[in-house]
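Have a look at the model first, then read on.

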Amino acid sequence: MRTNEFIREKLYLIMISFLTSIITILFLYAIQVNGQVILIISLLQWGMVLACLIIEYLRRSTYYHRLEQTLDGLDQKYLLTEIIDEPLFMDGKILYETLRIVDKSMADNVNRYRISQNEYKDYIEMWVHEIKTPLAASKLIISNNPSEVTLSLQEEIEKVEGFVEQALFYARSTNPEKDYIIKELSLQECVSKVIRKHSKSFIYQKIKIQLDDLELSVYSDSKWLEFILDQIISNALKYTPKEVGTIHIWTTSTDNMISLHIQDNGSGISSSELGRIFEKGFTGTNGRLNEKATGMGLYLCKTLCNKLYLGIRAESVQGQGTTIILDFPISKLMLLK
């Protein structure tokens, strides 16, 4: 609170005090009061006015200064109303009570939204589990009636299963910490499991797979990590040319990091779009050419990597291919081994 701002605010009071002082002096002079008495009365009057202004200024400036310090020290600014003290001056009390009412109303509104969001998430999870039953039954019927038509249907059903799984992981991505178990994992096993899932696509599209230096262990959650790898490999298959395409997966390591590289020789990503590929809904030039792109796969990968404290980044040269890199911090437990 600045002094000049306080003076401007109280200017009306100073002007009224000045006019009152002039009227008082004229009145005392008219009734022939001694000049020294008039001077003493004027000094006492202005002394009281100044004393009131100084006390008022100190009360307000001390309170607002403490308020600003508290606000600057808070990471979550909306908690301010929970920890500030009620001021001693009247307009401050009115503002304080108003903020408390507004804060309570906002908290109630956020709680209603959170409850609604949780109910929607629960519904999505229930729907995902329910839809898996008819999908599994459809695959069973197809396996009992093999033909070119049913095989094509099976491929489409597997795509539907992929989107259903993506919906489930998206619903859980806000708080995956409730559903993950961090333990030591073999990268070889995780990568192989995901590749087996896409084996038909590799065979049908005649895309080669090359694996090198995967005999390493990392600490993460197997289910969430396999989902991340699934999304990355699905993208690589989507944009890698048939018959001449190659997907190369290998690891590199430093003193404090193990990096898993997933490289394809597909269309690549332009430098102007590379920094946006992890944004929600971003499909880019390649996505607009491929109508199947949703812009959700890499966004989910980035979200889950942040929750799992993994790094994810991309390198690409347009026309030559793209490399997605997952960075796993080396745990102290691994160093002890």
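A crossing is called left-handed if the near helix is turned anticlockwise from the far one by less than a right angle, and right-handed if clockwise. Helices here are DSSP runs (H or I, at least four residues), numbered from the N terminus. This is a predicted model, where local features need pLDDT of at least 70, side-chain atom pairs count only at pLDDT 80 or more, and totals for chains, interfaces and linings use all residues. Residues are numbered from 1 along each chain as its sequence is written, and side-chain values use heavy atoms, with hydrogens and water left out.

**Helix 9 and its partners**

Let's start with helix 7 (residues 187-197), which passes helix 9 (residues 222-239) in a right-handed crossing. On the helix 7 side, the contact (heavy atoms within 4.5 Å) uses Cys-190, Val-191, Lys-193, Val-194, Ile-195 and Lys-197, and helix 9 answers with Leu-225, Glu-226, Leu-229, Asp-230 and Ile-233.

Helix 6 passes helix 9 in a left-handed crossing. Here Glu-165, Gln-166, Phe-169 and Arg-172 of helix 6 touch Lys-223, Trp-224, Phe-227, Asp-230 and Gln-231 of helix 9.

Helix 12 is also crossed by helix 9 in a left-handed way. Trp-224, Phe-227, Ile-228, Gln-231, Ile-232 and Asn-235 of helix 9 meet Gly-297, Leu-298, Leu-300, Cys-301, Leu-304 and Cys-305 of helix 12.

The table puts the angles and axis distances side by side. Axes are lines fitted to C-alpha atoms, for helices over the stretch in contact, and angles run from 0 to 180 degrees between N-to-C directions.

| Pair | Angle | Axes |
|---|---|---|
| Helix 7 and helix 9 | roughly 50° | within 9 Å |
| Helix 6 and helix 9 | about 125° | 12 Å apart |
| Helix 9 and helix 12 | about 150° | 9 Å apart |

Angles under 35 degrees count as roughly parallel, over 145 as roughly antiparallel, 65 to 115 as roughly perpendicular and the rest as oblique. Helix 7 is therefore oblique to helix 9, helix 6 and helix 9 are oblique too, and helix 9 and helix 12 are roughly antiparallel.

**The second largest pocket**

A pocket, on a 1 Å grid over the protein atoms alone, is an open set of points where a 1.4 Å probe fits, with protein on both sides within 12 Å along at least five of seven lines; lining residues have an atom within 4 Å of a point. The second largest pocket holds about 330 Å³ of space, a volume being the space filled by probe spheres set on the points, which are joined across faces, edges and corners. It has 15 lining residues, with Gln-117, Tyr-120, Tyr-170, Ala-171 and Thr-174 nearest its centre. Helix 5 (90-144), helix 6 (148-172) and helix 12 (297-307) each give two or more residues to this lining, and helix 5 gives the most, with six.
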